[in-house]
Amino acid sequence: MEGRGEMLCEIAGGNDIALLTGGGDKPYALGLAGALTSLSISLDFVGSDDLSVPELLTNEKINFLNLRGDQRPEATAWAKVTRVVKYYGRLIYYAATARPRLFHILWDNKFEFFDRTLLMVYYKLLGKKLVRTVHNVNAGRRDANDTWLNRLSLTTQYRLSDHMFVHTEKMKREMIADFGVPAEKISIIPFGINNTVPNTSVSTAEARRRLGLQSKDKAMLFFGNIAPYKGLDYLVTATTQLLETDRTYCLIIVGRPKGDSSHWNRIKQAIEDVKLRDRIIQRIEYIPDEETEIYFKAADVLVLPYTHVFQSGVLFLGYSFGLPAIAADVGSLREEIIERKTGLMFKPRDAGSLARTIEEYFASNLFRQLEQRRQQIREYANRRYSWTTVVNITGGVYSKLLHVNVPSDIQQAHGCPTVTNEIANRGCLH
């Protein structure tokens, strides 16, 4: 461990790395920053009020820069315009004066076309090496609003990046096929486990009591943003079918509408029309981290009825609580779920298939032995989605781009890009 820390400390060279977070995604940003600094890497962290937390502010290896500031959605339109203009001004000034030679971009900012094109060109003109973590290869296609301008801006962004990280082999193939990215510019890393959401001593029984669930209730959880590609409408239809013969099924919907609220309004009306309100618990708002555990501990299973997705952070959040998942067979979800050990798969866009799979789950040993299986799933997830694996591969890319001379035996030992194929063999669940 000491040798690896010294090697990566040389890579960093004293704040040679900057993480540009876009101001959000606290679990991923904190997880990566914590893993890097645990190996003696010092870095600049460009964040926001939402990311101004003790884990970052008290870390001596992190220079926290709150350039984004307040992002509260209830602000007036004028306040939103003003704070965005100020943020871009601060970001542009920071880039011109920043010591780091390598910018690791986790998310874009407010204006994606500008971020993907002109801002990228600006960074390159300043001589910065640009690394990106690509969570969605083309979110426009996922959200059914893809355009030639969207694809053009993504192509520009990907070609100007010096290296990119994706989370699955399928994402890598799509990036190569659709955007002409050379394979050697892409590394596959796990989606690091969410270890920022509190997991206290609250028991399953206590969590269910707080939500008003009975011991006999079969509780299914939908968690996260509500958008058309999330497929919540299929889950509501499946729940309706299940309740026709078994009133112990209960659906918990937790999250807030993303973008246009018309999609959620249609689902809400469907719930009213079939009189499901007594069997559906709804909390349609943003849930603070400190309240999240209640829902994952109270539920018997997490349901991911997505119609299109690359990968799901919600799945990994569920795994961190040891919660099995029922997921649509889309994107790379099949690579992340071990049938009958961490969950089950069903045919996407098919409420009937989902209903049958839910029935199968509640008749399975996975459900009957849920408390025992929870611990096994947590242990599996902590191995497979380890931040240590993420930072080893990331550090190898940093060393290459910053021209740090890392001996081949150290590269092999510490997970530089040549060992990325080991990811698939990690975290086996027997």
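**Figure 1. Salt bridge between arginine 374 and glutamate 371 in the predicted model.** The side chains of arginine 374 and glutamate 371 form a salt bridge, with an N to O distance of 3.5 Å. The model is predicted. Both residues belong to helix α18 (residues 370-384), and because they are three residues apart, about one helical turn separates them. Arginine 374 has a relative accessible area of 3% and is therefore buried. Glutamate 371, with a relative accessible area of 49%, is partly exposed. A further view may take in the network in which Asp108, Glu112, Arg116 and Arg132 are joined by salt bridges that share partners.

**Figure 2. Salt bridge between lysine 124 and aspartate 162.** By the rule used here, the structure has 22 salt bridges. One of them joins the side chains of lysine 124 and aspartate 162 at 3.1 Å, N to O. Lysine 124 is in helix α6 (residues 118-125), while aspartate 162 is in the loop between α8 and β6 (163-166), so this pair ties together parts that are 38 residues apart in sequence. The relative accessibility of lysine 124 is 29%, so the residue counts as partly exposed.

**Figure 3. Salt bridge between lysine 218 and aspartate 246.** In this pair the closest N and O atoms of lysine 218 and aspartate 246 are 2.9 Å apart. Lysine 218 comes from strand β8 and aspartate 246 from the loop between α11 (232-243) and β9 (249-254), so the contact ties together parts that are 28 residues apart in sequence. Lysine 218 has a relative accessible area of 19% and counts as buried, because the cut-off for buried is under 20%.

Figure 4. Strand β8 (residues 218-223) runs parallel to β11 and is joined to it by two bridges. Methionine 220 has valine 301 of β11 as its bridge partner. Strand β12 (residues 325-328) is also parallel to β11, with three bridges joining the two. Here leucine 304 stands opposite alanine 327 of β12. Between β11 and β12 the chain passes through helix α14 (residues 313-320), giving a β-α-β crossover that is right-handed. Strand β11 (residues 301-304) is covered on both faces: Val301 and Val303 are buried on one side, and Leu302 and Leu304 are buried on the other.

Figure 5. The structure contains 22 aromatic pairs. One of these, tyrosine 94 with phenylalanine 103, is stacked, with 6.0 Å centre to centre and 15° between the planes. Tyrosine 94 has a relative accessibility of 9% and so counts as buried. Phenylalanine 103 also counts as buried, at 0% relative accessibility. In another pair, tyrosine 361 and phenylalanine 362 are arranged edge-to-face, with 5.1 Å centre to centre and 80° between the planes. Tyrosine 361 is buried, its relative accessible area being 0%. Phenylalanine 362 counts as buried at a relative accessibility of 8%. Tyr28, Phe191, Phe316, Tyr319, Tyr380, Tyr385 and Trp387 make up one aromatic cluster.

**Figure 6. Nonpolar surface patch with residues of helix α8.** Phe113, Trp148, Leu149 and Leu152 form a nonpolar patch on the surface, and their accessible area together is about 430 Å². Helix α8 (residues 148-160) makes the most of the patch, giving three residues. Leucine 149 is found in helix α8. With a relative accessible area of 37%, leucine 149 is partly exposed.

**Figure 7. Glycine 259 in a loop.** Glycine 259 is placed in the loop between β9 and α12 (262-273). At 66% relative accessibility, glycine 259 counts as exposed, because the cut-off for exposed is over 50%.

Technical notes: Residues are numbered from 1 along each chain as its sequence is written. This is a predicted model: local features need pLDDT of at least 70, side-chain atom pairs count only at pLDDT 80 or more; totals for chains, interfaces and linings use all residues. Side-chain values use heavy atoms; hydrogens and water are left out. Patches are made of residues with over 30% relative accessible area and no salt bridge: like charges are joined within 9 Å, nonpolar side chains (Val, Leu, Ile, Met, Phe, Trp, Tyr) within 5 Å. Accessible areas come from the Shrake-Rupley method with a 1.4 Å probe; for residues, only the protein chains shown count as cover. A salt bridge is a side-chain nitrogen of Lys or Arg within 4 Å of a carboxyl oxygen of Asp or Glu. Helices (H or I, at least four residues) and strands (E, at least two) are DSSP runs, numbered from the N terminus. Buried means under 20% relative accessible area, exposed over 50%, partly exposed in between (1.4 Å probe, protein chains only). Two strands pair if DSSP finds at least two bridges between them. A crossover is right-handed if, with the strands pointing away from the viewer, the path from the first strand over the helix to the second runs clockwise. Rings of Phe, Tyr and Trp (its six-membered ring) pair if their centres lie within 6.5 Å; planes under 30 degrees apart count as stacked, over 60 as edge-to-face and the rest as tilted.
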